[in-house]
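Have the model open as you read.

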Amino acid sequence: MLAELNKLEFHKILKEIRKYAVSDLAKIEVEKLEPLTNELEINRLLEETWQAKNMIIRYDQSPMTGVLNIRDAIRKAEIGSVLNVDEFLRIVSHQEAILRSQGYIRKIRQLEIESEHLDNYYDRLIAIPALKQKITTVIDKKGDIFDDASLKLSQIRKKINTTEERIDSKMASLLRGEASKLTDTLITIRNNRLVLPVKAEYKNSFKGVVHDTSSSGETYFIEPISCFNMNNELQGFRVQESAEIDRILRVLTEDVALESEALKNNLRIFTYLDIVFAKAKYAIEFDCFKPNLTKTKINLLNARHPLIDKKDVVGNNINFHNYHHILITGPNTGGKTVCLKTLGLLSIMAQSGILIPADEGSETMVFENIFADIGDEQSIEQSLSTFSSHISKIIYIIDNASPNSLILIDEIGSGTDPKEGASLAISIINHLRKKSVYSMITTHYSELKTYAFDLDDTVNASVEFDIVTLRPTYKLKVGIPGTSNAIQIAKRLGLHDDIIESAKEVSVSFDTDVSNLIKKLEKQSLDLDEEISQYKKASDTLKTKNDSLDKLYVEEKVKQNNLLKKLELEHLDRLKDREEEANSLIEQLNELRNNPGFKDHELAKLKHDVKSINQETNSYKKAKNTKIAVGDKVLVIPYQRQGIVNKLVSNKKYEVLMGTLSITLAEKDLEYVETPVAKKQKTTGSVLKTSETKVELDLRGQRYLEAIDELDKFVDSCLMNNFEFAYVIHGYGTGVLMKGVSEYIKTSSVIKSSRPGGQNEGGKGVTVIYFK
């Protein structure tokens, strides 16, 4: 794509966005953004930035603190160069940033803020807790290596500490004993050795090694001979310490190298997200919105040039309607050039995935190229005049323009004779019309006004001038050609009335049908502008109300989440109290088991009651009194669970099967649900009490842990129902379930004995258990 990025000052937009980036890499990469021509890709970039903007407004920006540049560290690790401590801490910082980012996106989803276009990036962040733990067990937050980073390092540092204590003790002794020979009572360091400041006259009598002298020559820094060997030992230990630290860091570097792809992935995602949120923060600051991409429409609502101060900038509706070319006429300093630059710059921004300073609902196209010939940029080196420079640029544009290119030309045909310039301008525009391009062109030539009226694909436009204030309003009027307003300006400035009236009479004689049409259109335009202004006020009011509702929704959602969390914590506190109570009861019950008169089925019943402590003590009432029959599905009111009526035990009492439990309940505790359609159904993991009093549990197809948990519940149920024995179906399979059942029986204190199933009982695929 060819685009006049510098001429339209796109680099200044990127520098502005750069201020909002957090990480060093994002600050570099954001200035490399360029416009694209793939509509799907542009739409994706705009949607990402739009959602990031809403996420910031409705909650907060994505946390980028701690996202440091680890690119060089990864590269060093990959080639086997040992990383330094700072580089390891940068990697740890990255991992901590991942946890913060994952927490951030969870909160965004809880608040039901749209994030589907960014979810993928957060989901692809790879946490590497094992690597972080390895680093943090070796290096502390200040960058020091822990003594226990390895056994060898711990031993070496103990030796260093011991040797330093011996040296300190000896030096302290010498300080006291040789005080008269010293210039000071302080131990100093020279060449990484502990030395004493000895007076010059005692340098020969003080036994030791001279390491340095003072600038005056009066003090010699001597290492006492009695400490020499100990210092040598200390230096040796320090060399060993350095070698061991190097070995430890080398191992850690190898661990980093193994995770290099994941680390590079995280770095790319963080950098990209930082750029997206930098664009979003820029959009918030400059009140930018996402334009709708179309195939043929250009309609920018209240479009503002982003490099003009927000207090001074004037918004314009740049609407091409069904035209391909807009010709803007009018006086200098009226804002014509700003309109060109605004259209060009906003088009480049949109195609770079940057939200534009225009109102919501704006529409634009994806241009193949964006050309601009704006301003007097005479080439001194090529000795070209203004006109020659202007024509050279137009030649370049004509030679390179392809269909769906955007062409911006300021003062077309200027710099030469007005008649020839106007003729040349009309010929250039005619040529551009044949190339299926879009253009916005400014001119002083009145001939172009009449020219545009005769064309179906070209429309006149002007910038408004306020006669009262004698100042341009910078408002673009599409469909209305510009006028000089010279007579009105002269009158406002105080020119004699008789001269003004005479000028008006002369002007009337010059008026043509086109001039009269222009005046009529100007009046219609003013009326239409008034209607648009009223509509915009109503629209702004509605938007303000919607924004208030959105804000209120988020606030209520936050309150709701906080309330739910508070209730959850209160509920957990209650559960904790009940759990402590339950554990206390279980301990007492286990003690009672030593009593010969205490039965195991009673213990199971009490354990079941203890488990119910954690259930909410709501009072449920029967809602309907439909007659109950055997086989009906019913709601067991005290437990708020459904079951099947197995049989009528006595008057108004029924045996009900609830999963693995069989329980007898009064009719008042049961509520009819439905009568199931009779069909053959295999019962798995249930207690069946038949006429032969056969009780069985089918564990086939279950995982080991699930099966053992189910068996434990089954045994409790059997004890509660006073069963003497039961059948456990585990099948043959791999033998894992059979072995698990066998191990459970061995450790159970309530099972008296067991045996494999008989020939008619399922053989070795079944175990029969007998209770005490």
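## H5 against H7

Start with a crossing: H5 goes past H7 in a left-handed sense. Keep in mind that this is a predicted model. Two packed helices are described by the angle between their axes and the distance between those axes. For H5 (residues 85–110) and H7 (residues 129–136), the angle is about 140° and the axes are 10 Å apart. Angles over 145 degrees would count as roughly antiparallel, so H5 is classed as oblique to H7.

Which residues in H5 and H7 meet? On the H5 side you'll find Phe88, Ile91, Val92, Gln95, Glu96 and Leu99. Facing them from H7 are Pro129, Leu131, Lys132, Ile135 and Thr136. Sorted by class, this contact has seven nonpolar residues, along with two polar and two charged ones.

## H4 against H10

Next up is the pair formed by H4 (residues 71–79) and H10 (residues 260–285), which pack at an angle of about 165° with their axes 10 Å apart. That angle makes H4 roughly antiparallel to H10. The crossing of these two helices is left-handed.

H4 brings Arg71, Ile74 and Glu78 to the contact. H10 brings Ser260, Glu261, Leu263, Lys264 and Leu267. How do the residues of the contact of H4 with H10 divide by class? Four are charged, three are nonpolar and one is polar.

## The cavity

Now for the empty space. Rolling a probe the size of a water molecule over the atoms shows where such space is left. In this structure there is one cavity of 30 Å³ or more, and the volume of the largest cavity is about 40 Å³.

What lines the largest cavity? Its lining is made up of Ala303, Arg304, His305, Val313, Val314, Asn316, Ile318, Val338, Cys339 and Thr342. Strand E7 (316–319) and helix H11 (336–351) each supply at least two of the lining residues. H11 has the largest share, with three residues. By class, the lining of the largest cavity splits into six nonpolar residues, three polar and one charged.

Definitions and conventions:
Residues are numbered from 1 along each chain as its sequence is written. This is a predicted model: local features need pLDDT of at least 70, side-chain atom pairs count only at pLDDT 80 or more; totals for chains, interfaces and linings use all residues. Side-chain values use heavy atoms; hydrogens and water are left out. Axes are lines fitted to C-alpha atoms, for helices over the stretch in contact, and angles run from 0 to 180 degrees between N-to-C directions. Helices (H or I, at least four residues) and strands (E, at least two) are DSSP runs, numbered from the N terminus. Angles under 35 degrees count as roughly parallel, over 145 as roughly antiparallel, 65 to 115 as roughly perpendicular and the rest as oblique. A crossing is left-handed if the near helix is turned anticlockwise from the far one by less than a right angle, and right-handed if clockwise. Contact means heavy atoms within 4.5 Å. Ala, Val, Leu, Ile, Met, Phe, Trp, Tyr, Cys and Pro count as nonpolar, Asp, Glu, Lys and Arg as charged, and the others, Gly among them, as polar. On a 1 Å grid over the protein atoms alone, a cavity is a set of points where a 1.4 Å probe fits but cannot get out, and a pocket is an open set with protein on both sides within 12 Å along at least five of seven lines; lining residues have an atom within 4 Å of a point. Grid points are joined across faces, edges and corners, and a volume is the space filled by probe spheres set on the points.
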